[in-house]
Amino acid sequence: MLLALLLPVIIIAQTIYKPVKIIYGNISPKSICNNGKNMFFVQNMMYHHSITMYDSSFNLVSTISDKVTPSQYGYKKIKGSLNGSPVESAATKDGKYIWASNYFMSGEGFSNPGCDTCFGKNYDSSFVYKINTYSHIIENIVKVGSVPKYLAITPDQKKLLVSNWSSGDVSIIDLSTEKEIKRINTGPAPRGIACDSASTFAYIAVMGSSKIVKVNLLNYETETLVSGVMNPRHLCIDRNYLYASLNGEQAICRINLADGIMNKLNVGKAPRSMVLSPLYHTLFVDCYNDSKIAVVDLATFKIATTIKTNSYPIGICLNNNNKQIWVTCYTGNIEVFAAEDSKEKRTESLAVAPIKVKKKADSLALQPKKNIASIVSIEKPAEPKEQAKGYIVLGSFKVKENAVGLKKTLLEKGIAIELVNTNKGYTYCAYRVKENKEESEKEINRLEALTGIKGWYSILQL
């Protein structure tokens with residue numbers, strides 16, 4: 001007589017990420033920040049001169065203009081009003097304020113702006129803004145270096161650090177006086193910043209070189225933490241580990257701050273912004289040229305899955321419970337994905353002997369983890385195949401008015417932009433070139449230097 005021993009239910013838990021919302025509008029999103037109160041702030045660069053604010057139900061709450069009159073904030077020598085060009089933002093711990101950087105200022109007295117390929121101390125300074133998240137008013141502005149990009153507030157809330165791309169330095173602002181107290185040279189194109197929990201050290205990703213710099217925030221002495229990393233862009237810190245996206249290596253790296261040991265992990269093409277979930281010990285990485293997010297399990301330092309996005313994901317943040325991922329795409333939209341715990345159950349009777357249990361191909365216990373990219377795939381505009389011409393696409397919009405707005409801005413810069421309607425309902429802002437992808441690479445770089453937009457070559461139907 002055979003005695004059958006029933007094993008308990010086998011439960012396999014897997015985190016999956018499903019698209020829940022795509023937000024369009026009068027936007028050209030560069031980055032996104034959660035102020036800690038589930039209010040989301042999107043920086044729209046010089047293309048719309050605004051910061052747009054959304055609530056957790058995806059509603060547009062406010063559009064904050066980047067126009068300021070510096071004399072009202074104590075800069076009496078600057079006449080008239082200026083427009084900014086919001087790049088990144090950082091929130092205070094209480095969520096009451098965000099500080100936003102501006103790529104450059106435009107207006108009287110600001111005729112020599114920096115750019116992504118401009119390096120030196122003789123370019124125009126710019127400003128960072130202090131914005132009240134309740135009143136949506138710019139309460140103060142502070143002058144910093146040329147082409148400020150990333151910002152970080154020290155955990156003790158005493159200092160604001162700003163990386164100045166073109167002038168190759170980092171501004172230190174005392175938040176009690178809201179004045180710049182120090183400017184630290186780092187080398188060309190500093191970007192990402194991370195501070196340790198004690199607010200003693202800051203780490204700077206010098207994207208124009210191959211190093212990460214360590215800054216002592218007590219005496220402002222600097223040293224090279226690591227070198228030999230290609231174009232480090234974004235930094236995240238978690239206890240004794242520093243994580244960096246390496247835009248030039250298709251990888252991220254993890255540095256043990258206790259012993260300096262570094263490991264690298266390939267994640268995808270052009271890894272840009274990142275956000276770390278300490279709650280789930282996970283790192284989310286925008287892969288700009290792969291149109292995906294790499295989800296990295298920090299316990300194993302391996303890719304757990306990937307999430308398919310629209311073209312050119314560039315900014316990323318989490319909601320308060322770390323279960324929603326908000327992603328800005330440079331093609332003109334914001335995507336929101338939600339994490340769900342999928343519990344798949346299977347009950348199977350296993351006899352003691354002599355019965356053998358066959359391994360079924362569809363057994364849940366034996367299946368590899370699914371590639372979530374296939375689950376969350378969002379349809380991209382298809383490229384026409386008939387009677388086509390070569391173009392560099394600088395923007396893809398579901399709302400045509402947004403395409404018209406970008407076209408107007410680019411025409412003012414002397415760039416001959418055409419609007420091309422696709423058969424999938426998108427409108428492209430496109431610059432016509434020869435039907436040769438290789439020859440168009442130099443033109444793509446030239447347009448990026450002029451506009452800040454990384455275009456892509458495509459064959460489009462007239």
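1. His234 is buried, its relative accessible area being 6% (buried means under 20%, exposed over 50% and partly exposed in between, with a 1.4 Å probe and protein chains only). The residue belongs to strand β21, residues 232–238 (strands are DSSP runs of E of at least two residues, helices runs of H or I of at least four, numbered from the N terminus). A polar atom of the His234 side chain lies 3.3 Å from the backbone oxygen of Met274.

2. This is a predicted model, in which local features need pLDDT of at least 70 and side-chain atom pairs count only at pLDDT 80 or more, whereas totals for chains, interfaces and linings use all residues. Residues are numbered from 1 along each chain as its sequence is written, and side-chain values use heavy atoms, with hydrogens and water left out.

3. In helix α3 (residues 441–451), the buried residues are Glu443, Ile444, Leu447, Glu448 and Thr451. Seen down the axis of α3, these fall within an arc of 140°, so they line one face of the helix (the arc is that of the directions from the helix axis to the C-beta atoms). Just after α3, Gly452 takes a positive phi of about 80°.

4. The count of salt bridges comes to nine (a side-chain nitrogen of Lys or Arg within 4 Å of a carboxyl oxygen of Asp or Glu). One of them joins Glu340 and Lys18 at 3.5 Å, N to O, and this pair links strand β31 to strand β2, 322 residues apart.

5. Glu418 and Arg432 form another salt bridge, with their closest N and O atoms 3.2 Å apart. Glu418 is partly exposed at 27% relative accessibility, and Arg432 is partly exposed at 40%.

Technical notes. Polar contact = N/O pair within 3.5 Å; in protein donor to acceptor, adjacent residues only side chain to side chain.
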